Amino acid sequence: MKNSTIYVTTPIYYVNDIPHIGHAYTTIIADTMARYYRLKGHETFFLTGTDEHGQKIAEAAKSRKREPQKYADEISHKFKSLWDEFDISYDKFIRTTDSSHKRGVQKAFKTMFDKGDIYKGMYEGYYCISCETFFTQTQLMDHEDCPDCGKPTKLVEEESYFFKLSKYQERLLTWYNNDENCILPKGKKNEIINFVKDGLHDLSITRTSFDWGVKLPKDMNNQKHVMYVWLDALMNYITALGYGEDEKEMSFWPATMHLVGKDILRFHSIYWPAFLMSLELPLPKQIAAHGWWTRNGEKMSKSKGNVVDPKDIADAYGLENFRYFMLREVPFGQDGDFSQKSLIDRINSDLGNEFGNLLNRIIGMSKKYNNGNITSLHVKELHVKELNEVEVILKNVEDRLKMLQTNRYLEDLWRVLTIANGAITTHEPWVKIKNNNKNEALAVVGLVANILARVTILVSPIMPKTATIIATTLGFEIDTKSYIKFIEKKELLSDFTIKETPPLFPRIEKEVLATPEPTPKPCSSEDKKESIITIDQFFETSLKIGTVLDAQEIKKSSTLLKLKVDIGEKQTRQIVAGIKKYYTPEDLINTQVCIVANLKPINIMGILSEGMLLTAKDKKGLSLIRPENSRKNGMPIG
Ligand code: ME8
């Protein structure tokens with residue numbers, strides 16, 4: 001029987017922001033799924049791209065004094081280059097400014113209009129530019145702020161075309177009820193069902209107050225309107241397959257899975273299927289929403305200044321280690337706080353001690369006992385117990401991946417590795433060799449090699465290059481043929497001579513990167529109001545004057561200096577400060593600074609930091625806040 005085709009998508013990312021690990025997470029999960037289905041022999045289409053229209057992008061371009069198209073070109077290129085560098089196996093990178101996409105959106109608009117699902121009216125309501133979402137007054141937080149992101153909304157009154165979303169309410173509810181896995185995770189699906197049950201309003205789908213968007217089809221004679229950015233963006237999933245033009249690739253439709261973050265699940269599981277119903281196209285098989293990567297509990301986003309650059313992490317710790325970490329660390333759908341410490345723990349323990357070490361052990365043992373030759377000859381006869389235990393775990397393991405439970409998938413694969421490590425401890429092949437039981441000793445090594453081979457194939461969608469190295473060491477290639485042979489048919493490896501491989505996961509002793517401090521947000525009227533604190537709350541912070549006694553560069557870091565600061569009463573503090581780009585050690589020694597003296601000490605790159613310098617930073621640079629005249633060390637500020 002021919003395998004079904006597979007179509008996997010990521011959201012198309014807004015070009016107002018450079019990629020961070022949140023974007024990388026969605027893309028890496030999607031890449032994993034695409035690689036997994038390809039491995040199984042499915043014809044697979046994997047789509048990613050950038051979302052380039054709308055008021056948010058127009059404003060981002062304007063604030064940088066750029067033409068929107070030029071600005072979009074630049075940021076879109078950043079996303080594409082990063083995915084290329086990360087070896088993301090996309091089949092198409094779509095941009096909503098592509099002319100074929102624009103034509104496809106116009107065609108869809110016209111089709112829905114001709115069907116009577118679009119009508120002209122007046123829109124009066126509130127709009128959040130940051131979320132590109134319309135709200136009614138009752139939905140707002142504190143009468144004016146966006147209920148999703150908390151930023152102030154704008155009152156909009158303009159002529160608009162509307163999509164008859166309300167018409168599809170019952171059909172949507174039927175879909176959710178009939179198709180158990182159409183929205184993952186289940187908890188999120190219930191939220192969507194309740195939202196739809198509360199009643200759907202028709203959706204404003206055009207704007208007239210700005211022009212950075214797809215115009216209406218020419219024959220509608222209304223060129224002052226541009227399409228609502230979400231209508232434009234969602235259509236990418238079909239325009240990428242040639243909708244409305246050369247529809248050859250529409251054979252991949254409906255999508256097997258749309259991967260999204262939980263912030264945009266509503267658009268994908270309400271608007272998108274309703275548009276598709278109107279277009280009389282089949283609905284996606286699954287919309288899967290993951291949680292957020294946070295730093296100190298806050299959603300990671302550029303505007304909060306708390307983003308982690310995925311490239312920095314991949315360069316410092318290895319791309320595939322990072323991929324493993326992201327998929328192993330957080331259950332799909334839940335939020336996860338990013339820290340280098342957890343990443344290092346995963347690398348040293350799961351990858352180094354368990355996965356890599358197993359390979360090292362069989363390289364060592366096979367060399368010692370049999371000139372590097374490994375045989376599966378007596379494995380079935382002597383190790384039926386272990387083989388059965390492995391089978392029990394592997395039987396359902398792929399269902400976990402198909403349901404995107406990537407952490408449980410990896411957990412199970414690591415349970416299989418534990419069986420292999422346990423077999424070595426239990427059967428002590430070194431004792432068997434001593435006692436001249438060479439066949440039995442070689443059977444243990446053969447068992448472990450076979451277990452490792454299976455795990456390697458199944459881990460290959462997540463760590464493709466590492467898996468290829470291990471497979472080469474074990475004398476096979478990772479492809480659909482070996483998947484069928486070793487996973488589906490459960491055959492054992494043919495005899496082979498193991499190759500030497502340097503350790504794959506060298507131990508990491510300490511954090512490689514300086515942890516970026518959240519940068520203060522530039523104030524603007526658009527920003528949320530600052531929270532008010534009492535004077536007592538202010539005085540909980542101990543601010544003091546100090547003199548820098550010594551300052552040194554931290555060699556491995558481009559941003560950090562290590563300072564020794566005299567804070568009076570014979571006390572000194574060691575402070576690691578991110579000011580290397582702005583000050584040299586000589587600028588600082590024997591000068592006074594202001595410090596926060598009662599911060600909990602932390603380790604930065606393995607160096608103790610016992611306080612923080614007061615600084616002010618904007619686009620022009622960073623300045624230390626210092627006393628105007630020389631003051632006694634330790635003098636309190638307040
Ligand atoms: O919403 N943690 O684009 P966007 C995890 N253009 N994932 C995160 C994240 C975080 N902290 N921050 C972002 C848009 N993401 C629209 C999509 S699709 C037709 C249009 C990921 O650039 C997550 O996948 O704001 C989220 O859904 C997506 O980036 C939002 O990207």
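Okay, let's start with a bend: helix α12, residues 340-370, has a kink of about 40 degrees centred on G352. The bend at a residue here is the angle between axes fitted to the seven residues ending there and the seven starting there. Helices are DSSP runs of H or I, at least four residues, strands are runs of E, at least two, and both are numbered from the N terminus. Just past α12, N371 has a positive phi of about 50 degrees.

Quick housekeeping. This is a predicted model, where local features need pLDDT of at least 70, side-chain atom pairs count only at pLDDT 80 or more, and totals for chains, interfaces and linings use all residues. Numbering runs from 1 along each chain as its sequence is written, and side-chain values use heavy atoms, with hydrogens and water left out.

Now the overall picture. We've got 21 helices and 27 strands in the chain, with the C-alpha atoms filling a box of roughly 90 × 80 × 40 Å along the principal axes. Of the 638 residues, 53% are buried, and buried means under 20% relative accessible area with a 1.4 Å probe, protein chains only (exposed is over 50%, partly exposed in between). For contacts, meaning heavy atoms within 4.5 Å, take those between residues at least 6 apart in sequence: 74% of them join residues at least 24 apart.

N321 counts as buried because its relative accessible area is 12%. Its side chain also reaches the backbone oxygen of Y317 at 2.8 Å; a polar contact is a pair of N or O atoms within 3.5 Å, where, within protein, one must be able to donate a hydrogen and the other to accept it, and residues adjacent in sequence count only if both atoms are side-chain atoms.

Next, helix α1, which is where I29 sits. Buried or exposed? I29 is buried, at 1% relative accessibility. Not counting residues up to four places away, I29 touches L259, H290, L327, F332 and L404.

Last one: H42, in the loop between α1 (21-39) and β2 (44-51). H42 is a loop residue, and it's buried too, with a relative accessible area of 12%. Beyond residues up to four places away in sequence, H42 touches N3, S4, I6 and Y37.
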